[in-house]
Amino acid sequence: MKSRLEALVAEMVERGILFEDAVAEFEKHFILSVLKRTNGNLSKAAEELRIHRNTLSKKVEKFYQNGHMLGARHRRPRAKQAAAARSKK
């Protein structure tokens with residue numbers, strides 16, 4: 001794994017990828033991989049990553065597309081919220 005990582009880093013340096021962009025992409029892929037492994041459960045993923053769930057939640061907010069989080073399952077709305085949403089329609 002070390003040699004693959006070294007080769008990837010060398011390629012990124014050659015292409016002029018900025019450090020902060022490389023770190024952001026690594027973090028995103030790492031987090032989404034753990035979320036996929038935990039079926040989108042933020043609490044379990046945070047435990048595996050050894051970070052606070054709120055910290056993970058803030059990081060994951062960056063990965064939203066069209067209002068949906070990539071790699072995480074969606075929670076069911078609470079009964080009160082669901083009733084309020086139905087009454088608005």
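## Close-up views of a predicted model

**View 1. Helix α3 has a buried side.** The buried residues of α3 (residues 42-49) are Leu-42, Ala-45, Ala-46 and Leu-49. Their directions cover an arc of only 100° around the axis, so they sit on the same side of α3. Helices α2 (19-37) and α4 (53-60) are among the elements that cover these buried residues. The model shown here and in the other views is predicted.

**View 2. The other face of α3 carries exposed residues.** Which exposed residues lie on the face turned away from the buried side of α3? They are Lys-44 and Glu-47.

**View 3. A side chain meets the backbone at the start of α3.** Look for Asn-41 and Ser-43. A side-chain oxygen of Asn-41 comes to within 3.0 Å of the backbone nitrogen of Ser-43.

**View 4. Thr-38 is a buried loop residue.** Thr-38 belongs to the loop between α2 and α3. Is Thr-38 buried or exposed? Its relative accessibility is 7%. Buried means under 20%, so Thr-38 counts as buried. Leaving aside residues up to four places away in sequence, Thr-38 touches Lys-44, Ala-45 and Glu-48. Of these, Ala-45 is also one of the buried residues of α3, while Lys-44 is on the face turned away from the buried side.

**View 5. Asn-39 has a positive phi.** Asn-39 is in the loop between α2 and α3. Its phi is near 55°, a positive value in a residue other than glycine. Asn-39 has 55% relative accessibility. Exposed means over 50%, so Asn-39 counts as exposed.

View 6. What is the relative accessibility of Arg-50? It is 76%, so Arg-50 counts as exposed.

**View 7. The largest pocket is lined by 14 residues.** Leu-5, Leu-8, Val-9, Met-12 and Phe-26 are the lining residues nearest the centre of the pocket. Two elements, α1 (2-14) and α2, each give two or more residues to the lining. Helix α1 gives the most, with six residues. About 510 Å³ of space lies in this pocket.

**View 8. The lining of the largest pocket holds nonpolar and charged residues.** How many residues of the lining are nonpolar, polar and charged? Twelve are nonpolar and two are charged.

How values were computed
Residues are numbered from 1 along each chain as its sequence is written. This is a predicted model: local features need pLDDT of at least 70, side-chain atom pairs count only at pLDDT 80 or more; totals for chains, interfaces and linings use all residues. Side-chain values use heavy atoms; hydrogens and water are left out. Buried means under 20% relative accessible area, exposed over 50%, partly exposed in between (1.4 Å probe, protein chains only). Helices (H or I, at least four residues) and strands (E, at least two) are DSSP runs, numbered from the N terminus. The arc is that of the directions from the helix axis to the C-beta atoms. Contact means heavy atoms within 4.5 Å. A polar contact is a pair of N or O atoms within 3.5 Å; within protein, one must be able to donate a hydrogen and the other to accept it, and residues adjacent in sequence count only if both atoms are side-chain atoms. On a 1 Å grid over the protein atoms alone, a cavity is a set of points where a 1.4 Å probe fits but cannot get out, and a pocket is an open set with protein on both sides within 12 Å along at least five of seven lines; lining residues have an atom within 4 Å of a point. Grid points are joined across faces, edges and corners, and a volume is the space filled by probe spheres set on the points. Ala, Val, Leu, Ile, Met, Phe, Trp, Tyr, Cys and Pro count as nonpolar, Asp, Glu, Lys and Arg as charged, and the others, Gly among them, as polar.
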